[in-house]
Amino acid sequence: MSPKPVAAAFAAAGILFFLYPAIRPSGDDAAAMASSAWVAGHSAAMAGFVLLGLAVLGLHRVLGDRLSLRAAAVTWAGAGLTLPYYGAETFGLNVIAQRSLRDQAPALTELAAEFRFGAVPVSMFAAGLVLLAAGTVMAAVSVRRSGTLPRWSGTVWALGFVLFIPQFFGPYPLRIAHGALIMAGALWLAAAIVSGRRGKAVTGRSTA
């Protein structure tokens with residue numbers, strides 16, 4: 001498989017994960033949730049999760065080993081469990097917040113907390129993010145073992161997903177820094193995929 005589409009998927013996903021906290025309002029009050037920036041920021045995250053799954057699957061097509069295939073499967077499962085929560089956050093809370101402000105009924109925002117911390121949704125969300133962390137770590141290990149890509153080129157990117165849950169409990173500037181970490185790691189891995197596969201092709205031609 002050509003490395004360019006795979007690298008493009010990694011790069012685009014990384015940029016979207018940075019835009020998510022950069023665009024999203026820093027607060028969680030009704031005014032923040034009712035804003036278009038809330039929808040735009042969370043939509044960027046959802047698109048990032050979709051592209052992440054495609055990128056890891058493409059990485060398997062580039063590397064061709066069993067571990068990268070397992071990484072793709074685990075990453076897809078993680079994204080599948082995470083996206084419903086993000087969808088409700090993006091559109092459901094936005095509608096609730098707009099209605100709360102329009103009717104001057106602050107009590108409506110309590111519905112947001114009931115959803116966010118409900119046993120089923122928060123468990124699915126947490127399980128999805130844990131699987132995403134596991135899948136990206138597996139992919140980073142596959143990159144390290146590949147012999148065709150720089151050994152550590154997947155490490156920063158995977159670290160970003162390992163820290164996805166902890167960063168929710170930090171101050172908002174830390175969340176933006178976390179997005180920048182994922183973007184930097186994704187861009188590094190994207191560059192490594194293009195240059196690494198090109199270098200392998202050149203080496204193959206020179207030794208033939």
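Helix α4 passes helix α6 in a left-handed crossing. In this predicted model, the axes of α4 (residues 66-103) and α6 (residues 119-146) come within 7 Å and cross at roughly 155°. That angle makes α4 roughly antiparallel to α6, because angles over 145 degrees count as roughly antiparallel. The contact of α4 with α6 is made up of 21 nonpolar, 8 polar and 2 charged residues.

**Overall layout**
- The protein chain has 9 helices and 0 strands.
- In sequence order, the elements of the protein chain follow the pattern α-α-α-α-α-α-α-α-α.
- The C-alpha trace of the protein chain spans about 75 × 25 × 25 Å along its principal axes.

**Packing of α3 with α4**
- Helix α3 (residues 36-63) and α4 have axes that come within 9 Å and cross at roughly 170°.
- α3 and α4 are therefore roughly antiparallel to each other.
- Sorted by class, the residues in the contact of α3 with α4 are 20 nonpolar, 10 polar and 1 charged.

**Packing of α3 with α6**
- The axes of α3 and α6 lie 11 Å apart, and the two helices pack at an angle of about 25°.
- This makes α3 roughly parallel to α6, because angles under 35 degrees count as roughly parallel.
- The crossing in which α3 passes α6 is left-handed, as is the crossing of α4 with α6.
- Taken pair by pair, α4 is roughly antiparallel to α6, α3 and α4 are roughly antiparallel to each other, and α3 is roughly parallel to α6.

**Salt bridges**
- The whole structure contains 4 salt bridges.
- One of these pairs D28 with R116, whose closest N and O atoms are 3.6 Å apart.
- This pair links distant parts of the chain, as D28 and R116 are 88 residues apart.
- D28 sits in the loop between α1 (3-23) and α2 (30-33), whereas R116 belongs to helix α5 (residues 110-116).
- Side chains of opposite charge can pair when their charged atoms come close.

**Nonpolar surface patch**
- V137, V141, L159, V162 and L163 make a nonpolar surface patch of about 330 Å².
- Two elements, α6 and α7 (155-162), each give two or more residues to this patch.
- L163, also part of the patch, is placed in the loop between α7 and α8 (164-167).

Definitions and conventions. Residues are numbered from 1 along each chain as its sequence is written. This is a predicted model: local features need pLDDT of at least 70, side-chain atom pairs count only at pLDDT 80 or more; totals for chains, interfaces and linings use all residues. Side-chain values use heavy atoms; hydrogens and water are left out. Axes are lines fitted to C-alpha atoms, for helices over the stretch in contact, and angles run from 0 to 180 degrees between N-to-C directions. Helices (H or I, at least four residues) and strands (E, at least two) are DSSP runs, numbered from the N terminus. Angles under 35 degrees count as roughly parallel, over 145 as roughly antiparallel, 65 to 115 as roughly perpendicular and the rest as oblique. A crossing is left-handed if the near helix is turned anticlockwise from the far one by less than a right angle, and right-handed if clockwise. Ala, Val, Leu, Ile, Met, Phe, Trp, Tyr, Cys and Pro count as nonpolar, Asp, Glu, Lys and Arg as charged, and the others, Gly among them, as polar. Patches are made of residues with over 30% relative accessible area and no salt bridge: like charges are joined within 9 Å, nonpolar side chains (Val, Leu, Ile, Met, Phe, Trp, Tyr) within 5 Å. Accessible areas come from the Shrake-Rupley method with a 1.4 Å probe; for residues, only the protein chains shown count as cover. A salt bridge is a side-chain nitrogen of Lys or Arg within 4 Å of a carboxyl oxygen of Asp or Glu.
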